[in-house]
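Welcome! Here are some exercises with worked solutions, to be done with the sequence and the 3D view open. Try each task yourself before you read on.

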Amino acid sequence: MINNDTLTLYYYNDGLTDDERNHVESALRSDTNLAARYGALSRQLSGWNDPETPAAPPHLLARWHDSIDRAAQSENNAPEIEKTGPFQFFSFAWGGALAATLALGVALGMFFSGNDVIPIPDGIPVEVTQSTAVPASFTRGLQVHLRESQWELASLPAEASTDNAQLLMQIIEQNRMFERAAKQNNSPNVARLLRAFEPILMRLANEDIAPEDAEALRAQLAFELNVMLTKLARDPSKEAHTT
Amino acid sequence: MVAVLKSLDSPTQAEFHEVIAARADRWYAACLRITRNPDLAEDAVQDALLSAWNKRHQFERSARLDTWIHRIAVNAALMLIRKAKPATWEPLESDVPDDTPTPDVVHAVDALNTDLAEALNQLTDIERVCFVLKHLEQWRLKEIAQELDTTVGTIKQALFRAVRKLRVSMADLRSE
């Protein structure tokens, strides 16, 4: 008796030995009931086509395009940097690090000096200072995350390895949690800043990266994390105000 | 020299933007079907893009860039869902073949696409993932087993359960 599970494998042309497949084929030729059963099964399976593809939200498309631009930007500056002398021994990595600084610098600048203008239902824009848009508990959590990331990056062995990559992926995951929390707390600048770290962390997680490149990127990240931590520690809570 | 030529032949930034514009919906949908979590699907596509960018020198021009990224995105989605719910992916040692005859539900196949999306939600994670990878992504059973770090037998059992459940669910949805 050939059951439907075997017929399912026969349909997919996968998971049966040649003998098993030949056995099903000859049975289908000689057994009309089995052939009818297989016909019904195959009609159903072939009808289960790819469900309609929902469009990805525009902000996600923007994020993905942006991530490629950031990653490319961090590489494109390398040739100019190599010609500048003192940093030559860091070569490609310094190009990446300086470009990353630019991206992070812009994000940091927006975070610490800019305010978010949040539309409210009655259409009057409300300007909220960044520090009040972020609850104290979130800020504390963010500080812990940044400190831990800083410590973990400093402790990473120089040679790229699977362990390094896994640790970096964990940092990226944590980063994303805080990025989402920032978005939920109407703090797009914090989210943008955290997102700016991601292409650099992903490059560091790449097991093909040269030790000197990894070292340069780690040094840059450590510097940026330090700047952000210092600013967070200095920035007192402020009252939200409307304009 | 070969490495230099290879890097010159790597996909460009413009090509990445082009495939994102054309195919990111499909990558996202595939990841969403696997994870059932918009955040994880978003992250999977993001991981795939950055990983593909960092390894673009490994891309073979004989392949299609969008297909290559699609595969990386599906792998990323699998990795994320396994991390998010590790217990779901423990080896299913107790899985035994179920030879209970299933009803042969014969019905028209029109309008099944919408129903399938709904019916997929009624499967367990491993059943859904095995079905999606086998039926929609057309992976080999061996590849699925390797990716999920389990046996082909386990994958087969999950696939059988998925097909059985889907046949019943689809019949119910059609009769509603």
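**Exercise 1. Charges across the contact**

How many salt bridges are there between chain B and chain A?

*Solution.* Before counting, note that this is a predicted model, in which local features need pLDDT of at least 70 and side-chain atom pairs count only at pLDDT 80 or more, while totals for chains, interfaces and linings use all residues. Residues are numbered from 1 along each chain as its sequence is written, chains are lettered from A and ligands numbered from 1 in the order in which they are written, and side-chain values use heavy atoms, with hydrogens and water left out.

Step 1: Recall the rule: a salt bridge is a side-chain nitrogen of Lys or Arg within 4 Å of a carboxyl oxygen of Asp or Glu.
Step 2: Applied between chain B and chain A, the rule gives 10 salt bridges.
Step 3: Look at one example: Arg164(B) pairs with Asp5(A) in a salt bridge whose closest N and O atoms are 2.6 Å apart.

**Exercise 2. The extent of the interface**

Find how many residues each chain gives to the contact, and how much area is buried.

*Solution.* Step 1: Contact means heavy atoms within 4.5 Å. Chain B gives 56 residues and chain A gives 49 residues.
Step 1: Between them, the two chains bury about 4900 Å², with 54% of it on carbon and sulfur atoms. Buried area here is the accessible area (1.4 Å probe) that two parts lose on being put together, summed over both.
Step 2: Within chain B's share against chain A, Glu42(B), Gln46(B) and Leu50(B) supply 12%, more than any other three residues.
Step 3: Now turn to polar contacts, pairs of N or O atoms within 3.5 Å; within protein, one must be able to donate a hydrogen and the other to accept it, and residues adjacent in sequence count only if both atoms are side-chain atoms. Across this interface, 22 residue pairs are in polar contact, both residues being at pLDDT 80 or more.
Step 4: The elements giving two or more residues to chain B's side include helix H2 (13-35), helix H3 (38-54) and helix H8 (152-175) of chain B.

**Exercise 3. Two chains, two patterns**

How many helices and strands does each chain have?

*Solution.* Step 1: Helices (H or I, at least four residues) and strands (E, at least two) are DSSP runs, numbered from the N terminus.
Step 1: In chain B there are 8 helices and 0 strands. Chain A has 11 helices and 2 strands, in the order α-α-α-α-α-α-β-β-α-α-α-α-α.
Step 2: Of the 176 residues in chain B, 49% are buried; of the 243 residues of chain A, 48% are.

**Exercise 4. Two helices of chain A**

Does the span of helix H11 of chain A agree or disagree with its residue count?

*Solution.* Step 1: The expected span is 1.5 Å times one less than the number of residues.
Step 1: For the 24 residues of H11 (residues 211-234) of chain A, that should be 34 Å, and the end C-alpha atoms are 34 Å apart, so the two agree.
Step 2: Compare with helix H1 (residues 4-12) of chain A, where 7 of the 9 residues are buried, among them Leu7(A) and Tyr10(A).
Step 3: Check the ends of H1(A). At its start, a side-chain oxygen of Asn3(A) comes within 3.1 Å of the backbone nitrogen of Asp5(A). Just after H1(A), Asn13(A) has a positive phi of about 55°.

**Exercise 5. Buried or partly exposed?**

Classify Ile155(B), His57(B) and Arg195(A).

*Solution.* Step 1: Ile155(B) lies in helix H8 of chain B. Its relative accessible area is 0%, so Ile155(B) is buried. Beyond four places in sequence, its contacts include Cys130(B), Leu141(B) and Leu148(B).
Step 1: His57(B) sits in the loop between H3 and H4 of chain B. Its value is 33%, so His57(B) is partly exposed. From Ser10(B), His57(B) is 47 residues away in sequence, but 5.1 Å in space, C-alpha to C-alpha.
Step 2: Arg195(A), in helix H10 (residues 188-205) of chain A, counts as buried because its relative accessibility is 18%. Leaving out residues up to four places away, Arg195(A) touches Arg63(A), Glu179(A) and Lys183(A).

Note on methods:
Buried means under 20% relative accessible area, exposed over 50%, partly exposed in between (1.4 Å probe, protein chains only).
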